[in-house]
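I opened this notebook to record what I looked up in one model, entry by entry.

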Amino acid sequence: MATARPHLLGLTRPELAALAVEWGFARVHAASLWNELYLQGRRTPSDFVVHDQLPARYLDRVFSELAFDFPGVARETHSADGFTRKYLLALHDAHRIETVLMRYSGRVTACVSSQVGCAMGCVFCATGQMGYTRHLTAAEIVAQALHVDAVLRETTPATADAPAPALADPAHPSPHHRHERLRNIVFMGMGEPLHNYDAVMQAIDILRDGAGLALGAKKISVSTVGVVPGIRRLTAERRPVHLAVSLHGATQAERAALVPAARKWPLDELMDACRDYTSTLGRRIFFEWTLIDGKNDGPDHAHAVGALLKDIPAQVNVIPLNPTFGYAGEPTRPAGARAFQDVLATYGIPCTVRQRRGIDIAAGCGQLAIAE
Ligand code: SF4
């Protein structure tokens, strides 16, 4: 995706409408363009259908002023169980990112990247082992969601009871779609989303737009390793997303050994920010805990988590470590995960043991990287 010009995929619908007016066109032209883009799935300038409310001269102006392209798919891999697909996407500057499509329990979720690499350096994470290269733009984030939506468009059958939006009336988009649509998105791919706050939030505004992908607030999860200023901004701006905080250690020393970012944002500051978030917004936080055999998975660790979170509306998601080349730890066995869960139950803290999926194609949590 070229970046010298503003990118069409990085604009919200109101921004696109304002541009149309600035160029001397009607707002309805921008609405028609948006419909073509987000509901009809147009991928190249020549795909757009010219009509009264989407005149050729408006499209000419759009594509001369704005960049419009999608990352290429450099590689696609499918898990053996058929539930996970991973896409290696090539960006305009030859950098690459990974995006994952997950289909579990009847839900389709896109796991998107927010950066090329990551600066946070979590020791067990393949992305952290890569180091940081650059932030993604909002357009590059939106493009990942549209890529997954396009895959669904191509791979799911049309349904007879949900007629397609009429191409003859694109200014009035129908809420019905013939194909399965993307409904969930998690910012748990490559990168730390709150380190790239502005682009991530711009992308979320675009993805939430009711005349486009219309992702519900409860269908978007932002996962952070504990970037305290980002959590405080989310709180102040009352951003309508789920917040997931990767904890992995319940003392400052244990956490910092796994998550170097904890040295910058210590555990007590993180928990203060989490308490403010839950009390201000009235929402719970999802705390993520990677279970590493003999490292952070014993009863003492579970009790420490319980004590740490007992006064915070919280849900804990534990997941046994996924293997990466750069870390020698082993995953906790299922019985150990269940024992951890049982201890948290004594504190009244709901805890889910997440299934390890997509491991065979290195698409599990902490496994995303771009090594060939
Ligand atoms: S776990 Fe997340 S924050 Fe940590 S290094 Fe990996 S991508 Fe970055």
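I looked up Ala 145 and found that, leaving aside its neighbours within four places in sequence, Ala 145 is in contact with Ala 110, Val 112, Leu 182, Ile 185, Leu 207 and Leu 213, where contact is taken as C-beta atoms, placed from the backbone, lying within 7 Å. I note that this is a predicted model, in which local features need pLDDT of at least 70 and side-chain atom pairs count only at pLDDT 80 or more, while totals for chains, interfaces and linings use all residues. Residues are numbered from 1 along each chain as its sequence is written.

I then looked up the largest nonpolar core, which has 103 residues, and the members that touch the most others are Val 142, Ala 145, Val 200, Ala 203, Leu 207 and Val 316. Such a core is a set of buried Ala, Val, Leu, Ile, Met, Phe, Trp, Tyr and Cys residues joined through C-beta atoms within 7 Å; buried stands for 20 or more other C-beta atoms within 10 Å of the residue's own, exposed for 12 or fewer, and partly exposed for values in between, with C-beta atoms placed from the backbone. Helix H5 (residues 138-155) gives the most to this core, with 9 residues; helices (H or I, at least four residues) and strands (E, at least two) are DSSP runs, numbered from the N terminus. The core lies between domain 1 (8-65) and domain 2 (72-361), because both give residues to it.

The domain assignment of the chain gives domain 1 (8-65) and domain 2 (72-361), with bounds that come from an automatic or database assignment. I find 31 Å between the centres of the two domains, taken over C-alpha atoms, and the contact takes 17 residues from domain 1 and 19 residues from domain 2. On the side of domain 1 that touches domain 2, the largest share, 7 residues, comes from helix H2 (residues 27-38).

Entry 3, parallel strands. Strand S7 (residues 184-187) and strand S8 (residues 220-224) run parallel and are joined by 3 bridges, two strands being paired if DSSP finds at least two bridges between them. Phe 187 stands opposite Val 222 in S8. From S7 the chain crosses through helix H6 (residues 197-208) to S8 in a right-handed β-α-β crossover, meaning that, with the strands pointing away from the viewer, the path from the first strand over the helix to the second runs clockwise. S8 is also joined to strand S9 (residues 242-246) by 4 bridges, again in parallel, and Thr 224 has Val 245 in S9 as its bridge partner. S8, H7 and S9 make a right-handed β-α-β unit.

Gly 230 is found in helix H7 (residues 228-236) and counts as buried because it has 23 C-beta neighbours inside 10 Å. Beyond its neighbours within four places in sequence, Gly 230 is in contact with Leu 194, Tyr 197 and Thr 224. The C-alpha atoms of Gly 230 and His 195 are separated by 7.3 Å, although the residues are 35 apart along the chain.

Which backbone angle did I note at Ala 214? Ala 214 has a positive phi of about 55 degrees although it is not a glycine; its place is in the loop between H6 and S8, and with 17 C-beta neighbours inside 10 Å it counts as partly exposed. His 248, also not a glycine, has a positive phi of about 65 degrees and sits in the loop between S9 and helix H8 (252-258), where it counts as buried with 26 C-beta neighbours inside 10 Å.

Notes:
Two residues are in contact if their C-beta atoms, placed from the backbone, lie within 7 Å.
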